[in-house]
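Here is a friendly tour of how one protein chain packs its inside. Take a look at the sequence and structure first.

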Amino acid sequence: MSILLRNLSLLVGITLAVPAFGNCLTANETKQGVLLTRETPFYSVFYKPNGPGLTEQRLVERDGSLQPVSAVYLHPLLVEKRVSASGTHELKYANAIALDDLPQKKNWQSDTTLFINGKKSVSGTTFMKFDGLGEETIASCSYKVWAINSRLELTELPPIIFEQYYSPELHLVLRSVRLSASNQPLSEVRFDRFQIGWGN
């Protein structure tokens, strides 16, 4: 079960790119794809817009090596599928993906089913709650963000909870904090720099 939990945690982050010297990231530039990097411990994720959602390529340092992960998001706040060395994990949502007006609605939820390598595993509910407005800084550039509490509750498993800091202008999550069941921080991804464009 611990392996399943570790894999599920990935559900809720390559290539060379062109640096953006002296400029802050703009909404138009994100259409070319954006590489976000944390230096220590190393973590690098490349996001590319895909309709209302995103595709993702990620490099994560684990046990002294870099491991690739790819993913598809229905919305930058909501992952649909993630592929890693441990297999393919996919979440299916019963409700329409309506997250762009969370500051007005305050909440969104959906019945959710997890599939592992194409086979139905467990079911439960995904919850999204708007927690307020804020700012995030990457490479001396500040961006307005929504603080969104996301919670995935699947049968017989502990909840997977994140506080996500989402820029509606850039259409990107700029910081995420993994929380315990009592809402205490467990880990955090905060980026040091960004680069623009596809690599080779």
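The notes below cover the core, one leucine and the aromatic rings.

This is a predicted model, where local features need pLDDT of at least 70, side-chain atom pairs count only at pLDDT 80 or more, and totals for chains, interfaces and linings use all residues. Residues are numbered from 1 along each chain as its sequence is written, and side-chain values use heavy atoms, with hydrogens and water left out.

- Beyond neighbours within four places in sequence, Leu 102 is in contact (heavy atoms within 4.5 Å) with residues including Leu 77, Met 128 and Trp 146.

**Leu 54**
- Leu 54 lies in strand 4 (residues 53–62).
- Its relative accessible area is 2%, so Leu 54 is buried (under 20% relative accessible area, 1.4 Å probe, protein chains only).
- Leu 172 is 118 residues away from Leu 54 in sequence, yet their C-alpha atoms are 8.8 Å apart.

**Aromatic rings**
- There are five aromatic pairs, meaning rings of Phe, Tyr and Trp (its six-membered ring) with centres within 6.5 Å.
- Tyr 47 and Tyr 73 pair edge-to-face (planes over 60 degrees apart), with 6.4 Å centre to centre and 75° between the planes.
- Phe 130, Trp 146 and Tyr 166 form one aromatic cluster.

How values were computed: Helix = DSSP H or I, 4+ residues; strand = E, 2+ residues; numbered from the N terminus. Buried < 20%, exposed > 50% of the residue type's maximum accessible area, 1.4 Å probe, protein only. Phe/Tyr/Trp six-rings, centres within 6.5 Å; stacked < 30°, edge-to-face > 60°.
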